[in-house]
Amino acid sequence: MTAPALELRKITKRFGDFCAVNQVDLAVPRNRVVALVGESGSGKTTTGLLALRLIEATSGQILLDGHDISRIGQKEMKPYRRQLQVVFQDSYSSLDPMMTLGKIVGEPLQIHGVGSSAEQRDQVQVWLEKVGLDGSYANRYPHELSGGQRQRVAVARALILGASVLVADEPTSALDVSVKAQIVNLLQELQADIGLSMLFVSHDLSVVRSLADEVVVMLRGRVVERAPTDRIFTDARHPYTHALLDAMPVIDPKARRRRTFLSADEIAARTPRLHPSDLVAEPLSDSAEPQLVALAGSHFVEAIVTEHAA
Amino acid sequence: MRLVEIDDLQVTFSQHDGLVQAVRGVSLHLEAGESLGIVGESGSGKSVTCSALLRLLREPPAKIAARAMKLGDTDMLGASRQEISAVRGRVAAMVFQDPMTSLDPVFTIGHQIAETIMTHRKVGRKQALAQALEALRRVEIKNADVVLKYYPHQLSGGMLQRVMIAMALSCEPDVLIADEPTTALDVTIQAQILQLIKDIQAETGMGLIMITHDLGVIAETVDRVVVLYGGKVMETGPVNDIFASPLHPYTKALLNSIPGQVAGKRRLTEIPGASPNPAHPPAGCPFHPRCPMAIAACQQATPPLETKADGREAACIRVAPELVPA
Amino acid sequence: MTGFIIRRVISMLVTFIVVSIIIFLMMHSIPGGPFDGYDMPLPDDVKARLMATLGLDKPLWEQYVRYMWGVLHFDFGVPYQSPGESVISLVAHAWLPSVTLGGLGILVGAPLGILLGMAAALRRNSWIDYIASAVATLGLTIPVFIISTGLILVFAVWLKWTPASGWGEPRRWILPILAYAAVPLATYARYARSTMLDALNKPFVSVLRAKGLSERQVIFQHVLRNAAIPMVTIFPAMFVGIATGSIFVEAMFRVPGLGAYFVSSINKRDYPLEMALMLMISALYSVSYLIADILYAVLNPRIRVGGGRR
């Protein structure tokens with residue numbers, strides 16, 4: 001079995017007393033999209049930045065294509081950066097307003113010394129077209145483009161070095177509805193075209209549903225549920241996942257209904273209680289504390305394992 | 001009498017490199033107790049329309065013109081500064097998109113709500129604070145007496161938006177205008193705030209204008225919809241009809257492009273191209289460059305907004321009235 | 001808050017000591033001593049005896065420690081150029097005219113500048129905005145001795161409204177105060193304009209209008225309060241100028257203040273006086289910045305009332 005394109009093992013990040021990311025495990029298989037979902041304070045963005053080594057983890061491992069890149073120096077990281085790239089939410093501030101699009105997209109090639117100037121220019125043209133922009137855009141500036149077009153440029157820049165793993169941090173959140181669809185389609189095409197693997201961080205479950213193979217739900221720094229996308233939407237087991245799904249607006253006025261909401265403490269009080277026989281693997285610890293356990297169908301949920309399950 | 005009456009509103013901004021036509025002939029109305037959703041993407045003119053109604057735009061560089069623009073019985077185009085200030089907050093109250101920057105950071109929550117109350121009602125500070133406390137309780141803020149003394153930076157986004165709603169409701173306005181009130185919030189908080197707005201509207205019977213780009217919010221919250229694109233109205237109608245059988249090609253395309261409607265990974269239906277640039281709007285129908293049904297005539301003249309069926313209007317020459325399903 | 005002040009006072013003391021060392025070293029690094037500048041050169045043995053009397057033959061560190069020990073007892077030594085009195089009494093005499101000149105200069109210039117800046121911000125691109133910008137630019141770019149000359153020419157020579165110089169009666173104070181006021185006026189006009197504009201463009205200002213507040217209420221109760229906070233931070237620098245005396249203004253109008261001593265003490269290698277004056281400025285700067293920071297904390301609730309978001 002080949003190693004996952006990107007894997008995080010027990011990754012933890014503490015800021016003083018505060019634990020932003022707590023023992024998170026996740027794996028992005030080759031050519032798959034894993035969505036990391038949660039609300040503000042969940043730690044999902046921090047996890048994405050940890051995977052990219054843009055911030056340093058307190059403990060835990062990061063494996064890129066099987067290679068442990070958790071603690072190597074920044075210089076040794078450089079070749080790995082060709083494989084692991086990022087696209088951020090705000091396309092406006094992630095593109096240097098003083099540079100032409102051609103320069104922006106070509107910059108990674110320059111930094112890594114790939115090809116001659118002419119070859120770099122050609123690659124820039126190729127990639128602009130791959131993301132759906134005309135080659136002549138190379139001479140334009142970011143402020144001349146719409147949000148969706150800027151995001152395409154950000155994708156081109158991220159992938160021009162031949163990256164095989166992309167961490168996308170809310171890339172569609174700031175975009176209009178009709179443009180979200182464009183970017184989702186673009187990412188799907190690229191996934192098929194170049195075998196891209198993606199860690200897709202988002203709070204938007206509707207985009208996740210159309211794009212991801214697996215969903216990882218985070219709450220307050222911990223993973224509370226992890227399952228293939230369809231199972232999350234049809235058979236979620238954790239109350240927080242239910243809360244997220246329930247909160248999604250329904251695109252059918254006839255299906256309008258009154259919702260009730262649980263407070264954070266109420267959600268914590270409803271941690272699922274499971275009997276050992278429900279699990280497909282031994283729980284990691286005997287304790288009565290909530291822990292991530294394995295259910296059938298690659299479905300993991302944070303639960304309390306007890307003989308006296310409800 | 002209608003709560004809001006906007007007839008052929010045009011708003012332009014003069015900038016150093018030319019004229020930006022943000023709103024190009026928008027008409028809409030709101031009856032008492034009704035909830036209206038204004039849907040549009042960036043550059044559609046949806047926020048500018050309501051800001052113009054309350055004369056909140058800096059004029060110049062904005063220039064507002066309309067056949068009529070009325071809030072209740074006040075003519076907002078011709079009213080004096082005092083009349084406009086008297087109407088703001090009392091007849092129509094507004095809630096804005098980003099609650100974190102909507103309050104003055106150097107004054108407490110209590111002060112800012114009480115200030116609104118004292119502006120429109122003849123009460124002293126003590127009474128105003130008591131009413132402010134009531135307003136906070138109405139939006140389900142627990143320990144409201146403590147929150148009165150807080151400064152804005154001490155509250156989360158969701159709490160702040162509740163405060164903004166409380167402040168907007170404090171003078172019992174006839175209509176609440178909410179401009180993307182939940183866009184900056186987490187999804188569970190978003191649901192709570194929308195529920196709150198709906199509950200309050202049902203309780204008080206006030207009018208509601210909900211401005212958003214999110215069709216889910218529209219489906220959840222309003223009775224009637226106006227779809228804007230490129231500064232013009234594309235379609236209007238009851239919410240059930242708009243979703244069940246959209247008339248305008250833009251509305252159809254918009255509904256089709258919403259992700260996550262069907263289970264499973266799939267290619268979404270996109271609308272190719274980008275929204276029109278308000279500085280250089282296309283001739284004729286604003287949607288024609290991206291419209292799958294566009295013909296030559298679409299570019300030559302702006303399609304008028306016509307009634308195609310009972311209570312339903314669309315600005316499209318490719319939609320014939322008799323083809324509308326019953 | 002108390003903790004904050006205590007920490008600042010400690011750092012002020014450290015700064016004071018570091019500054020004193022640096023000044024001391026710089027002072028002594030200038031070639032030549034107090035007795036080397038006369039037209040009549042002194043014989044070497046006389047010079048050596050004089051230097052010994054003043055303790056100038058001792059090693060530098062010893063001189064430094066002796067002097068600072070004196071400072072601890074508020075003894076700043078005896079000025080070489082005026083051995084009949086102590087440094088303290090010399091400074092005490094000269095201090096009052098400088099403070100009067102500076103204090104009144106700021107009292108005249110700052111409020112005028114603030115009003116001008118505010119008016120400019122409220123009426124952008126109108127004639128008042130252009131005048132304010134012109135005044136601000138001229139006040140900052142035209143050297144103060146030229147402004148002084150101009151004032152003397154116009155008001156003393158041509159119009160004969162005021163005397164040209166001297167410091168006897170208050171009538172003589174008018175021109176020097178006006179000359180001194182030019183810089184605070186210009187600085188505050190620019191600064192007030194920009195902080196007002198920043199505050200006016202904040203999103204909450206639209207909300208205030210939407211609530212139905214009159215424009216007057218919006219500006220005077222809210223915008224002003226917000227704009228005042230940053231204006232407080234530039235005050236200390238201006239304030240310290242008072243004590244140092246505007247060397248040029250005092251020279252042009254023959255004001256018997258401290259200004260002249262700053263230059264003469266360096267020229268004459270009058271070490272005690274020089275050290276005393278420099279230490280005085282350093283202490284004044286520190287105290288002024290501390291006051292500004294305290295004021296800023298008091299005015300800005302984000303600092304005064306900390307804590308996370310609920």
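Guide: A bend at a residue is the angle between two axes, one fitted to the seven residues ending there and the other to the seven starting there. This is a predicted model, in which local features need pLDDT of at least 70 and side-chain atom pairs pLDDT 80 or more, while totals for chains, interfaces and linings use all residues. Residues are numbered from 1 along each chain as its sequence is written, and chains are lettered from A and ligands numbered from 1 in the order written.

Visitor: OK, where does H9(C) bend?

Guide: At Val223(C), by about 40°. Helices are DSSP runs of H or I with at least four residues, strands are runs of E with at least two, and both are numbered from the N terminus.

Visitor: What should helix H9 of chain C span?

Guide: Its 19 residues, 215-233, should span 27 Å at 1.5 Å a residue, and the end C-alpha atoms are 27 Å apart, so the two agree. The expected span is 1.5 Å times one less than the number of residues.

Visitor: Which residues in H9(C) are buried?

Guide: Val218(C), Ile219(C), His222(C), Val223(C), Asn226(C) and Ala227(C) are buried. Buried means 20 or more other C-beta atoms within 10 Å of the residue's own, exposed means 12 or fewer, and partly exposed lies in between, with C-beta atoms placed from the backbone.

Visitor: And what covers the buried residues of H9(C)?

Guide: The cover includes helix H4 (87-122), H7 and helix H8 (203-211) of chain C.

Visitor: How many helices and strands does chain C have?

Guide: Chain C has 14 helices and zero strands. Its C-alpha atoms fill a box of roughly 85 × 60 × 30 Å along the principal axes. Of its 310 residues, 31% are buried. Among contacts in chain C with a separation of 6 or more, 73% are between residues 24 or more positions apart. A contact here means C-beta atoms, placed from the backbone, within 7 Å.

Visitor: Switching topic. Which chains share the most contacts?

Guide: Chains A and B do, out of two pairs of chains in contact. That contact takes 36 residues from chain A and 37 residues from chain B. On the chain A side, the elements giving two or more residues are helices H6 (147-159), H7 (177-194), H8 (205-211), H9 (229-235) and H10 (239-247). H7(A) gives the most, with eight residues.

Visitor: What's that side of chain A by class?

Guide: The side of chain A that touches chain B has 16 nonpolar, 11 polar and nine charged residues. Nonpolar covers Ala, Val, Leu, Ile, Met, Phe, Trp, Tyr, Cys and Pro, charged covers Asp, Glu, Lys and Arg, and the others, Gly among them, are polar.

Visitor: How many residues does the contact take from chain B and chain C?

Guide: It takes 25 residues from chain B and 21 residues from chain C. H2 (81-87) and H3 (109-120) of chain B are the elements giving two or more residues to chain B's side, and H3(B) has the largest share, three residues. Chain A and chain C do not touch, and their nearest C-alpha atoms are 12 Å apart.

Visitor: How many residues has the largest nonpolar core?

Guide: It has 229 residues, and those with the most contacts inside it are Val34(A), Ala35(A), Leu199(A), Phe200(A), Val216(A), Val175(B) and Ile209(B). Helix H7 (174-200) of chain C gives the most to this core, 15 residues. A nonpolar core is a set of buried Ala, Val, Leu, Ile, Met, Phe, Trp, Tyr and Cys residues joined through C-beta atoms within 7 Å.

Visitor: What does Val34(A) touch?

Guide: Not counting residues up to four places away in sequence, Val34(A) touches Leu26(A), Val28(A), Leu199(A), Phe200(A), Ala212(A), Asp213(A), Glu214(A) and Val216(A).

Visitor: Now strand S11 of chain B. How many of its residues are buried?

Guide: Six of its seven residues, 232-238, are buried, so S11(B) is largely enclosed by the rest of the structure. S11(B) pairs with strand S10 (224-229) of chain B in the antiparallel sense over six bridges; pairing requires DSSP to find at least two bridges between the strands. S10(B) and S11(B) form a hairpin with two residues between them, and Gly230(B) in the turn has a positive phi of about 55°. S11(B) is also joined by two bridges to strand S13 (312-314) of chain B, running antiparallel.

Visitor: Last one: is Ala158(A) buried or exposed?

Guide: Ala158(A) is buried, with 25 other C-beta atoms within 10 Å. Ala158(A) is found in H6 of chain A.
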